[in-house]
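Q: I am new to this structure and would like to learn how to read it one feature at a time. Could you walk me through it?

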Number of protein chains: 2
Amino acid sequence: MRIAPIALAGIAAIAVPAIAQRALPGAVKVDPAVAKARDAALKDDVAYDIVEGLTTEVGQRLAGTEAEARARAWAVVKLKALGFKNVHIETYTMPVWVRGEEKAEIVGPYPQKLTLAALGRSGATPPAGITAPVVYFPTFNDLLAAPDGSLTGKIAFISNQMKTTQDGSGYGEYGAARFVGPNIAAKKGAVAVIIRSIGTDHGRWPHTGGTNWTPGVTPIPAAALSVADAEQLERIFARTDKVSLHLTLTPRTLPDAESGTVVAKVPGTDPKAGTIVVGGHLDSWDLATGAIDDGAGVAITTAAAKRLLDGPRPRRTIRVVWFGAEEPGGFGGAAYAKAHAGETFAMAGESDFGADNIWRFNVNFPDSAKAIGDRIGVALAPLGITRGREVAGDGTDVGPLFKLGVSAVDLNQSGTRYFDWHHTAEDTLDKIDPEQLRQNVAAWTAVLWIVANAPEDWGKATPKD
Amino acid sequence: MRIAPIALAGIAAIAVPAIAQRALPGAVKVDPAVAKARDAALKDDVAYDIVEGLTTEVGQRLAGTEAEARARAWAVVKLKALGFKNVHIETYTMPVWVRGEEKAEIVGPYPQKLTLAALGRSGATPPAGITAPVVYFPTFNDLLAAPDGSLTGKIAFISNQMKTTQDGSGYGEYGAARFVGPNIAAKKGAVAVIIRSIGTDHGRWPHTGGTNWTPGVTPIPAAALSVADAEQLERIFARTDKVSLHLTLTPRTLPDAESGTVVAKVPGTDPKAGTIVVGGHLDSWDLATGAIDDGAGVAITTAAAKRLLDGPRPRRTIRVVWFGAEEPGGFGGAAYAKAHAGETFAMAGESDFGADNIWRFNVNFPDSAKAIGDRIGVALAPLGITRGREVAGDGTDVGPLFKLGVSAVDLNQSGTRYFDWHHTAEDTLDKIDPEQLRQNVAAWTAVLWIVANAPEDWGKATPKD
């Protein structure tokens, strides 16, 4: 009984944080057609049907393999069945990297197996493996500070800890250990690299993902320990710095192979108004069925576009694009932008951060189309989505279009669970919450409806930095 | 402001459930020495030190292997360092089963890999594996109902779903699919069995564990799919009953080997008053470091006994027993009871259900020592532990002593998380909550203190059914 009056009295004293003081859109009205389409999408079953079907009937879809080809065939059948027009595959070739055997065992002082997964583009050990002393770097910065040549004949262990953020911003910073750590260690003489997984869980599944080599650097074996195994190794390093490891990693790079992107159309009435591109990526890593990365993304954006396909014909044509080969380096997105560079695009956007609720959006339109952002804001507010202060333009697959000056809408999903499972064997259908998936479909439906029918015409946007 | 009065008014109307109406111990006083020892144990660091050390410095400890032998050597050093008396190993021989390669892949209709782990004592496929059609049994009962011979040449898939219970009682019923399902399927002609893991999670790690073969039945390959993989297979069976699987399992049974149980003593003042046996098991499955199963159990009971070792000498001698080879079939417990059958034991108890809070206790003393249960009840109540209505006598390792008429105290840990990780690769140190571990030590300290110093003398108890 004391709590309520105190809490009520407290409200008057709460300062409005600076972020809430930015200009609000004021008296912008929501188009009733948009509101109706958005709310109908909260009962959507198409997205779940797509991600359930793709993950069940195809499973993992490693880029450049026959599994990704089966996924493309599945996508064509599904998109045609949904009624999309001009469903087709646009192909390109790409280097293919496949996982081999992967084993690690502490030789001394405390013999035991560790669980790890090779990073994409990792080099290989001989089939019998290598044995070498391990050098422990608690953070990525400690690796940077190691003198040149100091790692000769040694295995570098980089154990920087990623923490959970809603916007996923930890990935860029902590991910450096994976993106460039092996390359740096190789240049300092290391014979192999093991990193603490770039993940926010404490479990036993390692998080794979690509690593990058600069020209002239020969790829060395590089793998991610599960977070639990990295913590175990840290406990051992707390007792001694004399740790040796036997490591076997036998991934292979195959000859360049064909991959492809699946494209489908919602025809618009005004070919000169520019095309909207929306989608996600069809390929997955090989350790799981890729439900959150990125079966959900193709499912969400396709289900939203399907609602425009089944409604009054929009002004602008929408292309639903299921990009190929995103994981190994964005080959599908790069090929798409190259092939379509001469066309006029009104907007592009992608969904590639799981299936949890969208909590924030950002846009990047030129001033002549500035009002579109305000219309999106009032349409998304009932879904619990606030407007961010950033310039939109995220995404590996549509990033190359943004660089060409295509306008952008980012719908940011909540990432508090995403990096528990990202690139692990746990990326499976059970991680998808159907209710949150529907909120995503509703948000994308509203965005597509608003942008596809916007009366404005606009030119190029200034790409974000 | 409305909520509080309503809630207060409601209290008068709440019926006391039947379970709360059993006789309470009334005005039994807690011995101040017991209360002091119990409360001091809430700051215990010994248990965490043991489980951290054992899991870090030894790792997995599969029964009958060199890893279990290293664990025994580690235990001897640790128990001597803690000041226990007469630290020694009691050996026996046992059959040894070790895991081999394990792979499963759906051949059709939707080719994809599944994650599984062989069950203990599983038979083996040829090295190249077998391919066979899969027959789906949603429950164990469906398997029982299958006609003899109906599984000839087929792989049986038993997918009964275990649900969470605080007392772990689902394990006995749902676990039948693992304990005896493969044996039943073999008798009906199956060439192999895959079961949905006996676990309450939805993750990708399979739960291993022993399976049993009756005389005359040749073991067939038997493995547990992760729950997520079983759910995936169920989704495929929802589309078609024509599923074929390629299965490779190459476990081996090695020649009988030596295993052993580590024993340490807290000397008592009255050798005729009978000995107390308390402990857990030292061995673990091979997939993880066995933190909750059962590093925690040996740690908790040893830390509690250490508090009596460091206090006034108790009336009764306490033996701390780290049983060997529990997982493959209770070899350590059976050997211990056989070797010590002629001795007088005042009580036995074990901790083998993780490290979460103890929420309930049961006892089994003869009438002449009935008051001990009441004294335990008032001493444990401040720890949030209520008295159950069952006859104590649980435990694979001390079970053979109970059959000899030894009195029992069961301290039941909360099992709401236990079967998420039980027998999987996730059974690692991070699953131990140090605060809950200390509550366990405090409860065992109180129990040991009360029983070791009980003035009563008593004979045999009637074993539970």
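This is a predicted model: local features need pLDDT of at least 70, side-chain atom pairs count only at pLDDT 80 or more; totals for chains, interfaces and linings use all residues.

Q: Now the two chains. Which rotation superposes chain A on chain B?

A: Here is the general idea: two copies of a chain are related by a rotation about an axis and a shift along it. In this model, a rotation of 180° with 0.0 Å of shift along the axis places chain A on chain B, with an RMSD of 0.0 Å. That is the relation of a two-fold axis. The same surface serves both copies, as 100% of the contact residues of chain A recur in chain B.

Q: Which parts of chain A touch chain B?

A: In total, 23 residues of chain A are in contact with 23 residues of chain B. Helix 3 (46-57) and helix 9 (227-237) of chain A each supply at least two residues of this side. Helix 9 of chain A gives the most, with five residues.

Q: How should I read a pair of packed helices? For instance, at what angle do helix 12 and helix 15 of chain A cross?

A: Two packed helices are described by the angle between their axes and the distance between the axes. The axes of helix 12 (residues 370-380) and helix 15 (residues 434-452) of chain A come within 10 Å and cross at roughly 150°. That makes helix 12 of chain A roughly antiparallel to helix 15 of chain A. Their crossing is right-handed. Among the residues that meet are A:Ile372 and A:Leu380 from helix 12, and A:Ala443 and A:Val447 from helix 15. This contact has nine nonpolar residues, no polar ones and one charged.

Q: And what is the angle between helix 3 and helix 4 of chain A?

A: Helix 3 and helix 4 (residues 66-81) of chain A pack at an angle of about 145°, with their axes 10 Å apart. This crossing is right-handed. On helix 3 of chain A, A:Ile50, A:Gly53, A:Leu54 and A:Glu57 meet A:Ala71, A:Trp74 and A:Lys78 on helix 4 of chain A. The contact divides into four nonpolar, one polar and two charged residues.

Q: Finally, what should I look for in the backbone itself?

A: Most residues other than glycine have a negative phi, and most peptide bonds are trans. In chain A, the peptide bond from A:Asp293 to A:Asp294 is cis, with omega near 10°. A:Asp294 sits in helix 10 (residues 291-309) of chain A. In chain B, a cis peptide bond joins B:Asp293 and B:Asp294, with omega about 10°. Look also at A:Ala325, a residue other than glycine whose phi is positive, near 50°. You will find A:Ala325 in the loop between strand 12 (318-323) and helix 11 (331-339) of chain A.

Methods:
Residues are numbered from 1 along each chain as its sequence is written. Chains are lettered from A and ligands numbered from 1 in the order in which they are written. Copies are superposed by least squares on the C-alpha atoms of residues with pLDDT of at least 70 in both. Two residues are in contact if their C-beta atoms, placed from the backbone, lie within 7 Å. Helices (H or I, at least four residues) and strands (E, at least two) are DSSP runs, numbered from the N terminus. Axes are lines fitted to C-alpha atoms, for helices over the stretch in contact, and angles run from 0 to 180 degrees between N-to-C directions. Angles under 35 degrees count as roughly parallel, over 145 as roughly antiparallel, 65 to 115 as roughly perpendicular and the rest as oblique. A crossing is left-handed if the near helix is turned anticlockwise from the far one by less than a right angle, and right-handed if clockwise. Ala, Val, Leu, Ile, Met, Phe, Trp, Tyr, Cys and Pro count as nonpolar, Asp, Glu, Lys and Arg as charged, and the others, Gly among them, as polar.
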